[in-house]
Amino acid sequence: MSNSEKTEPKKKKKFSRRKFLLRSSIGLGVVMGATYLSRPIWRRALANFANTAEAPYQGATDDPKIWFEITADNQVTLLSPKIEMGQGTFTGLAQIAADELGVDISQMKVKHAPSASGNLDAFATGGSTSISSLWQPLRELAATMREMLLQEAAKQLGIESNSLSVVNGVVKGGGKSVSYGDIVKNVTEWKIPKTPKLKDVSEFKFIGKPIPRVDLKDKVLGTPIFGMDASMPDMLYGDVVRPSQIDSTFVSADTSAAEKMPGVIKIIKEKDFVGVVAKSITEARNAKKAIKAEWKVNKKWQNSDIEEIIKVGNGTAYTIQKEGKPNFEGEDTITSEYHSPIGAHAQIEPNGAVAHVADGKATIMISTQVVNITRSEIAKRLGFEAEDVNIIPTFMGGGFGRRLHTPNGIQAALMSKAVGKPVKCFFDRKEEFQNDTFRPPTHHVLKAKLNSNGMIESMEHNVSSGAVAFGSPMLPPGAEAIFGADIGAWRGGMINYSKIPNYRAISWKVQLPFATSWWRSLGLLANTFAIESFMDELAIKAGKDPVQFRLDQIGDDERGNRLKKSIEAARDKAGWKDGKLPNGRAMGFACSVDANTPCAHVVEVSVEGKDIKVHKVTCSIDPGVAVNPDQIKAQCEGSIIMGMSASMFEKMEVKDNQLTPTIYGPYQMALMRDAPKEIDVVILENAEQPGAVGEPPLGPIAAAIANAVFRLTGQRLRSMPLEIT
Amino acid sequence: MKISFNINGAPQTVETDGNTPLLWIIRDVLDLKGTKFGCGKAACGACTIHVEGMQVRSCSYPAKLAEGKNITTIEGLSDGDNLHPVQQAWMEEIVPQCGYCQPGFMMATAALLEVNPNPTDEDIDNNIVNVCRCATYYRMRKAIHRAAEIKSANL
């Protein structure tokens, strides 16, 4: 807060609002109740909870003063604990805050909260939770801030606060007026009142409007806002020798040649890495090449080894969903297998950090999705208290889950400590591809039996995957023992067709010899590819329209009804037709529910030779309250094309213990020429509050394309990337 | 070695190893950080600049080749407060998401429009081959067509 006393950073105040307490107590209740139940049943109950619960905000929410800075020019800066990585969170948060604060959107600025501000989120920026989890707390914080300003205005103007009104940050009443900027100049002590009544939907000026991104101009001008752009005075450049092989451990390094290279300031040898600090990035890179590092390699892994590990049946099984008694005896059981490959994040901004460690304090500028975890990891390694490490988050040149892991912050900090100056250090592209925390490969086995009416009698989905949530640092210790199945790996892997009398989903957990973790939408893309392709197979077997086939088997509960409305919206907007179209194309359909957000795609595809061309995608999404319809569309467009990229082109493989390829191009991705010329997004608002947006539209795209390709070629493509043979 | 060139209309002389990629001279010596590092192998286009008006991937362009040349970066694309038509179109279509690759795309587009003022979809597909991980291609295509309109209206 400018012009007022600096507030002490609050230590880990959990969300304190009633609704959030209620939600978390449900979670606790499930866990407590679980102890009275046998393990498989309570694990299924937990899985169901994880599948449908709205993640609560896990940060400081009781003190508006650490969220808002009001400056003399009557501007408000929102210090955001959530990081902007392209998903548009800053803009949505600015809209929400502006409406409750009573300021114009042009008066709002948004900055990342440095960890030293005390506005720390204990979770992460990820899982499509930023807007949904902050919707209620931020409105309450902003409304409380407005009330604080009104009470101060009343005192300063000598007028009762209930006779005051606010327009664009100017308080008026009794013929007098004073701006927020002027009020804060004269505040001696803030009093935090009870949370006032929040605004009604009818009073929103900015929520629900297609407000242009607040970071638009900076991003069009090329303003240096990213981690890679960060610098500090007197800064040196570091580099670290990183492993090129999986399942390998650093042993030692011969640095004698590197020490004599031009520009080299110091060689840094730590227990787990060797680094070099030089005057320029090129000198650091050249010196690194001269270091001969020795790695202990356990085994020469090949892709066939990985394929064997990942097979359903080879890991540990956890039933995550079960209704009735699925029965697959008899020759009429339909069985299909699906595969997805290892995926790279391939975000364009490499991981890196600028660190300055001196006098027992550390300052780190870094692209991170986990400010709190980055801080504690660095503090632990330096032997500092967490409060002595200030993480200054930067805009991220793509997140997608890659920046849940920030060992680069530790490395930069250790190098800075060794030379006593700020050090900047980042990955090169080959290292990004070889040291990524990959999307794990998956194998799926699906079984079903149809009844005499062509409806599904029994269905089963088995997904085998490497670690996703359990590969990330956000889950507390012990979570794996409680949950059993990896909640990230099976995301999207439950069966949404609850009118089927007998069904189950089984999540198989395996151990891979390389790091895997979150990749935008987690398991959703692969699981939806498998389930929704299989649904198409079953509809064809039953001789039914695949859209109607789905609608007829979705339950009539709230979740089911929202999904049905979403399916109908996509079907109607696209003018859905099954089979080949007169223009030689075909449509394909798929849908999913991710974090309570239903989404359905109708794609229009043609095939020329072996080339699959996606011409048009009609997407319906129901995130509940649409805070910014334009950015929801942008997220749908981006998710669809990124999902196409992963579905049609991308694949990492293990060859002689190395992950390959290691550069764009050979790691083929969707480019301009691959993007559909038409993307039509329909937004539905069938819930009371905003839900997930950034990931749900990724889910159905692979299956929708594969289903269209089947109608054109008769080939059922059961492996990503989709390839016509 | 000493290398002299014009960048964004101003003369500059730098002392460097001639094989240093021009990208690092632009970013770390001249402190123009709008030009991004993505891959270092001319494979993604995040570092795209103009050399004598032609698009060049500066991560793989040795600094010594810049001697005597006219260079433009994203910082020099606009004319003071007047945004370049490509930037105007990018604003109108609200193209950027994370934004990291966008300067490279805008520079590539601006260079394309100089030689092809009204590109077809096919021209765009063949010439704009940078990588955007947020996959903002759908809006980019619209913005490229819009930029062509703005540019021709300005003539």
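Me: How many salt bridges are counted between domain 2 of chain A and domain 3 of chain A?
Reply: This is a predicted model. A salt bridge needs a Lys or Arg side-chain nitrogen within 4 Å of an Asp or Glu carboxyl oxygen. Between domain 2 of chain A and domain 3 of chain A, the count is 0.

Me: How many residue pairs are in polar contact across that interface of domain 2 and domain 3 of chain A?
Reply: The touching side of domain 2 of chain A holds 6 nonpolar, 4 polar and 3 charged residues. Across the interface with domain 3 of chain A, the residue pairs in polar contact number 6.

Me: Which residues in domain 2 of chain A lose the most area to domain 3 of chain A?
Reply: The area buried between these two domains is about 1200 Å², with 62% from carbon and sulfur atoms. Three residues together give 50% of what the domain 2 side buries. They are Ile246(A), Phe400(A) and His405(A).

Me: How far apart do the C-alpha centres of domain 1 and domain 2 of chain B lie?
Reply: In chain B, domain 1 covers 2-76 and domain 2 covers 85-154. Their contact takes 16 residues from domain 1 and 13 residues from domain 2. Their C-alpha centres lie apart by 21 Å.

Me: Which element gives the most to the side of domain 1 of chain B that touches domain 2 of chain B?
Reply: Domain 1 and domain 2 of chain B have 5 residue pairs in polar contact. Two elements give two or more residues to that side of domain 1: β3 (48-51) and β4 (54-57) of chain B. With 3 residues, the one that gives the most is β3(B).

Technical notes:
Residues are numbered from 1 along each chain as its sequence is written. Chains are lettered from A and ligands numbered from 1 in the order in which they are written. This is a predicted model: local features need pLDDT of at least 70, side-chain atom pairs count only at pLDDT 80 or more; totals for chains, interfaces and linings use all residues. Side-chain values use heavy atoms; hydrogens and water are left out. Buried area is the accessible area (1.4 Å probe) that two parts lose on being put together, summed over both. A polar contact is a pair of N or O atoms within 3.5 Å; within protein, one must be able to donate a hydrogen and the other to accept it, and residues adjacent in sequence count only if both atoms are side-chain atoms. Ala, Val, Leu, Ile, Met, Phe, Trp, Tyr, Cys and Pro count as nonpolar, Asp, Glu, Lys and Arg as charged, and the others, Gly among them, as polar. Domain bounds come from an automatic or database domain assignment. Contact means heavy atoms within 4.5 Å. Helices (H or I, at least four residues) and strands (E, at least two) are DSSP runs, numbered from the N terminus.
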